[in-house]
Amino acid sequence: MPSNKSVSDAPIVQFTNCRILRDHQLQREDLWVREGKILNPEKVFFDEKGSADVQLDCKDSIIAPGFIDVQINGGFGVDFSLATDDFKSGIDLVSQKILSHGVTSFCPTLVTSPPSVYHQVLPQISVRNGGAHGAGILGAHLEGPFISKEKKGAHPEHCLRTFEAGAFQDLLATYGSLDCVQIVTLAPEMRRSSEVIQELTKRGICVSLGHSVANLSQAEEAVQHGATFITHLFNAMLPFHHRDPGIVGLLTSDKIPAGRRVFYGMISDGIHTNPAALRIAHRAHPKGLVLVTDAIAGMGLAPGRHTLGQQVVEIDGLNTYIAGTKTLSGSVATMDTCVRHFQEATGCSVETALEAASLHPAQLLGIEHKKGTLNYDSDADFLMLNDNLYVRATYIAGEEVWRQDASGM
């Protein structure tokens, strides 16, 4: 057994005077961090005979896992669905700016685009850890182009595609590469979608159902073949009907394979989903709810005209429409705003609201052993928040990467 010397020379930081979200409860205990990981203090005391090198007073903050946004199309003037020469600097800008919203990891999302855009953009997206430079990139979310014309929403119709004879080869030819892809949204009622879902799932890619006119049995079949997610529930799908509830029916389906959970994204911005619909979904299937922003390039900018891939979008207050129409096109909400709105609209606990933006997306992507919790040995990506769930500071790998200045506390 080591003497008084720590196993590692790296400093141990002890965050004190805080309430930590652990095991679904806010618990009044300290958070211990070393080398970017969360430590078990008992091991430090008893096995290493060690103690903290630095103590930080959190001033009664809530400490919660960092938020994970699995559907974000851009922000601050950057559109992930536009192939530009400086795409890398654009993604860097967004990843840096969303630290102030409490986002520590995200999936840059591309809406339906021509193959040339995928071929240019996807090689420029690489999975990387977060840090002072910005939130970590978990891989791309490709929303389309294999979606329904009837429920295309803000996606350009001329770019939509169907699966032909070599269905999976069609998908590969369209995207060019799946190397950095984490999620694909498709419409499960499309012919040959089952084999595509199976092939994607085999490669560890999450398949999401969305922009679809699928009935419940088509949705259930997709889940049986491996689909695990629903893209922005209620939006761009058949409305709930009591004789055939469509994709929405997956929330209470008894045809989900044993041991599997279907997750569903919700844009909790007060615009895309009425608070009553948010409450219905949450009460029906609380453990599957994943908060997403679906933010577009106009997030963080003044109202006016912006882009979403091939389309021009007008921002009017919190509403975003395809120019000249009343078709909603993404949101300008930030993740911390979505968490607060969700908590207020549903009356759920603070713990539940925070887990919908951290634990649940991590579980969806199968990374809950390292992200989305404050369990021992997981990545020290976490937030300090006040009681009203405003972010005070953001930490990645145990290092402070953003802090609210004193005037905003």
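I began with Gln363, which sits in helix 10, residues 359-365. Helices here are DSSP runs of H or I with at least four residues, strands are runs of E with at least two, and both are numbered from the N terminus.

A note to myself on the ground rules: this is a predicted model, where local features need pLDDT of at least 70, side-chain atom pairs count only at pLDDT 80 or more, and totals for chains, interfaces and linings use all residues. Residues are numbered from 1 along each chain as its sequence is written, and side-chain values use heavy atoms, with hydrogens and water left out.

**Gln363, continued.** My cut-offs are under 20% for buried, over 50% for exposed and partly exposed in between, with a 1.4 Å probe and protein chains only. Setting aside residues up to four places away in sequence, Gln363 touches Arg261, Phe263 and Glu368; contact means heavy atoms within 4.5 Å. I also checked a pair: Gln363 and Thr327 are 36 residues apart along the chain, and their C-alpha atoms are separated by 32 Å.

**Thr334.** Next I went to the loop between strand 19 (319-322) and helix 8 (335-346), where Thr334 lies. Is Thr334 buried or exposed? I found it buried, with a relative accessible area of 16%. Its side chain makes a polar contact of 2.7 Å with the side chain of Asp336. For a polar contact I need a pair of N or O atoms within 3.5 Å; within protein, one must be able to donate a hydrogen and the other to accept it, and residues adjacent in sequence count only if both atoms are side-chain atoms. Not counting residues up to four places away in sequence, Thr334 touches His101, Thr293 and Met299.

**The loop between strand 11 and helix 4.** Pro145 is in the loop that runs between strand 11 (140-143) and helix 4 (167-175). His155 is found in the loop between strand 11 and helix 4 as well, and it counts as buried at 3% relative accessibility. Which residues does His155 contact, leaving aside neighbours within four places in sequence? I listed Val111, Thr112, Glu143, Ile147, Leu160, His211 and Gln311.

**Positive phi.** I then searched for positive phi at residues other than glycine. Phe234 has a phi of about 80 degrees and belongs to the loop between strand 14 (229-230) and strand 15 (263-266). Phe234 is partly exposed, with a relative accessible area of 27%. Ala397 has a positive phi of about 50 degrees, in the loop between strand 21 (391-396) and strand 22 (399-403). Ala397 is partly exposed too, at 34%.

**Whole chain.** Finally I stepped back to the overall picture. I counted 10 helices and 22 strands in the protein chain. With 409 residues, a compact globule would have a radius of gyration near 22 Å, and the chain's 21 Å agrees; the radius is taken over C-alpha atoms, and the globule rule is 2.2 Å times the number of residues to the power 0.38. The C-alpha atoms fill a box of roughly 65 × 45 × 40 Å along the principal axes. Of the 409 residues, 57% count as buried. Among contacts between residues at least 6 apart in sequence, 69% join residues at least 24 apart.
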